[in-house]
Amino acid sequence: MDQSQLSRYKSLDFFARQVVEGFITGKHKSPFHGFSVEFSDYRQYNNGESTRDIDWRLYGRTDRLYVKQFEEETNLRCQLVIDQSASMLFPLEGQGDIEHPNKLTFSTYAAAVLIELLHRQRDAFGLTLIGKGDSGNQASIDLQTPCRSTTAHQQHLYTELERLLQPHDPSKFSILNSQFSISQALHLLAEQLHRRSLVVIFTDAFSNPDNSDNQAIRQSSNQEDLFDALRHLRHNKHEVILFHTFHRAHELQLDYDARPYRFVDLESGDTIKLNPAEIAAAYRQQMESQQAELQQRALQYRVDYIPVDVAQGFHQVILPFLLKRSKQ
């Protein structure tokens with residue numbers, strides 16, 4: 001795959017097809033499976049029936065033929081969820097740049113690739129956009145489509161994703177989503193998804209529902225709320241994949257030159273002047289602790305946690321993820 005050639009095209013459709021064809025060329029197995037075949041019970045095998053659902057391991061233990069019964073058998077349904085709040089625009093120079101993407105650009109291209117894969121597998125897919133704040137409340141779901149598998153639906157979702165690649169003014173986003181809570185939006189989504197689904201979430205896990213003056217307390221509260229939302233999705237029997245997007249050097253390591261800077265909170269618009277070198281050690285320790293806890297809770301709730309350092313570039317993240325999933 002010639003990435004320099006791909007960069008000349010803006011069409012998500014073309015890009016997604018190229019990435020997927022490159023992935024499939026190696027005859028990899030599907031990264032997703034129709035998990036919505038839910039086991040119910042066993043019954044004794046009757047002569048003349050298909051042997052497809054016979055449990056041969058049970059036969060080896062009991063020397064009797066039993067057939068698995070299932071509550072339902074459908075194709076996979078996948079709901080792709082993208083956090084489009086202001087902090088996802090970081091770094092600002094990465095808007096729409098696939099080679100050096102910001103968090104929102106990475107999420108948009110990754111969603112397009114997954115849609116292409118799901119469409120080829122004849123699985124149903126939908127799109128949920130949260131966090132822009134147009135509704136004026138914490139549980140801001142700006143777009144939610146049903147899960148369908150048609151080509152027309154695929155093109156409709158690509159049109160919606162293309163809009164996310166357009167240049168955005170973060171100052172306008174800050175006013176809109178100063179009270180946005182990703183956890184509230186995910187709780188609402190969990191209640192609205194009435195059928196068991198695969199839920200793929202792209203977020204940096206930043207939001208501002210807490211008015212506390214202490215940033216550490218506020219972010220800790222936000223993260224605890226996010227854990228509750230993930231637990232709600234799992235309780236409703238959804239499989240969850242969490243793409244945690246961040247810029248490691250600037251957001252986690254505070255890797256800047258040792259001189260004064262003016263930092264702007266993209267979510268709230270608040271500013272602060274400081275020398276990063278004076279607080280870097282304590283800042284790194286806190287951020288590493290928060291990321292470790294997020295990863296630990298994801299493991300506890302059986303959420304597939306994918307850390308995404310957007311500075312690595314798109315292909316260095318998405319292709320290893322697909323390969324990992326195809327081997328599970």
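Colleague: What sits over the ring of Tyr 261?
Modeller: The charged end of Arg 259 does, 4.0 Å from the ring centre. A charge sits over a ring if NZ of Lys or CZ of Arg is within 6 Å of the ring centre and within 35 degrees of the ring normal. Before we continue: this is a predicted model, in which local features need pLDDT of at least 70 and side-chain atom pairs count only at pLDDT 80 or more, while totals for chains, interfaces and linings use all residues. Residues are numbered from 1 along each chain as its sequence is written, and side-chain values use heavy atoms, with hydrogens and water left out.

Colleague: Is Tyr 261 buried or exposed?
Modeller: Tyr 261 counts as buried, because its relative accessibility is 18%. Buried means under 20% relative accessible area, exposed over 50%, and partly exposed in between, with a 1.4 Å probe and protein chains only.

Colleague: What share of the protein is buried, then?
Modeller: Of its 328 residues, 47% count as buried.

Colleague: And how many helices and strands are there?
Modeller: There are 11 helices and 10 strands. These are DSSP runs numbered from the N terminus, helices being H or I with at least four residues and strands E with at least two.

Colleague: Back to the rings. How many aromatic pairs are there?
Modeller: The count comes to 8 aromatic pairs. Rings of Phe, Tyr and Trp (its six-membered ring) pair if their centres lie within 6.5 Å; planes under 30 degrees apart count as stacked, over 60 as edge-to-face and the rest as tilted. One of the pairs is Tyr 109 with Phe 314, which is edge-to-face because the planes are at 65 degrees, with the centres 6.2 Å apart.

Colleague: Where in the chain are Tyr 109 and Phe 314?
Modeller: They lie in distant parts of the chain, 205 residues apart. Tyr 109 belongs to helix H4 (residues 103–120), and Phe 314 to the loop between strand S10 (304–309) and helix H11 (315–326). Tyr 109 is buried at a relative accessible area of 6%, and Phe 314 is buried at 1%.

Colleague: What about the rings of Tyr 261 and Phe 263?
Modeller: That pair is tilted, because its planes are at 40 degrees; the centres are 5.8 Å apart.

Colleague: Let us turn to helix packing. At what angle do H4 and H5 pack?
Modeller: The angle is about 175 degrees, and the axes are 10 Å apart. Axes are lines fitted to C-alpha atoms, for helices over the stretch in contact, and angles run from 0 to 180 degrees between N-to-C directions. H4 is therefore roughly antiparallel to H5. Angles under 35 degrees count as roughly parallel, over 145 as roughly antiparallel, 65 to 115 as roughly perpendicular and the rest as oblique.

Colleague: Which residues of H4 and H5 meet?
Modeller: Among them are Leu 104, Thr 108 and Ala 111 in H4, and Leu 157, Tyr 158 and Leu 161 in H5. The contact divides into 8 nonpolar, 4 polar and 1 charged residues. Here Ala, Val, Leu, Ile, Met, Phe, Trp, Tyr, Cys and Pro count as nonpolar, Asp, Glu, Lys and Arg as charged, and the others, Gly among them, as polar. Contact means heavy atoms within 4.5 Å.

Colleague: How do H2 and H5 pack?
Modeller: Helix H2 (residues 12–24) and helix H5 (residues 151–164) pack at about 110 degrees, with axes 10 Å apart. They are therefore roughly perpendicular to each other. H2 contributes Leu 12, Asp 13 and Ala 16, and H5 contributes Gln 155, Tyr 158, Leu 161 and Glu 162.

Colleague: What does Leu 127 touch, leaving aside neighbours within four places in sequence?
Modeller: Its contacts include Ile 82, Leu 143, Leu 157 and Leu 161. Leu 127 is in strand S4 (residues 124–130) and counts as buried, at 0% relative accessibility.

Colleague: Finally, the backbone. Which residues does a cis peptide bond join?
Modeller: Phe 90 and Pro 91, with omega about -10 degrees. Pro 91 is placed in the loop between strand S3 (77–83) and H4.

Colleague: And what is phi of Arg 122?
Modeller: Phi is near 65 degrees, a positive value in a residue other than glycine. Arg 122 lies in the loop between H4 and S4 and is exposed, with a relative accessible area of 65%.
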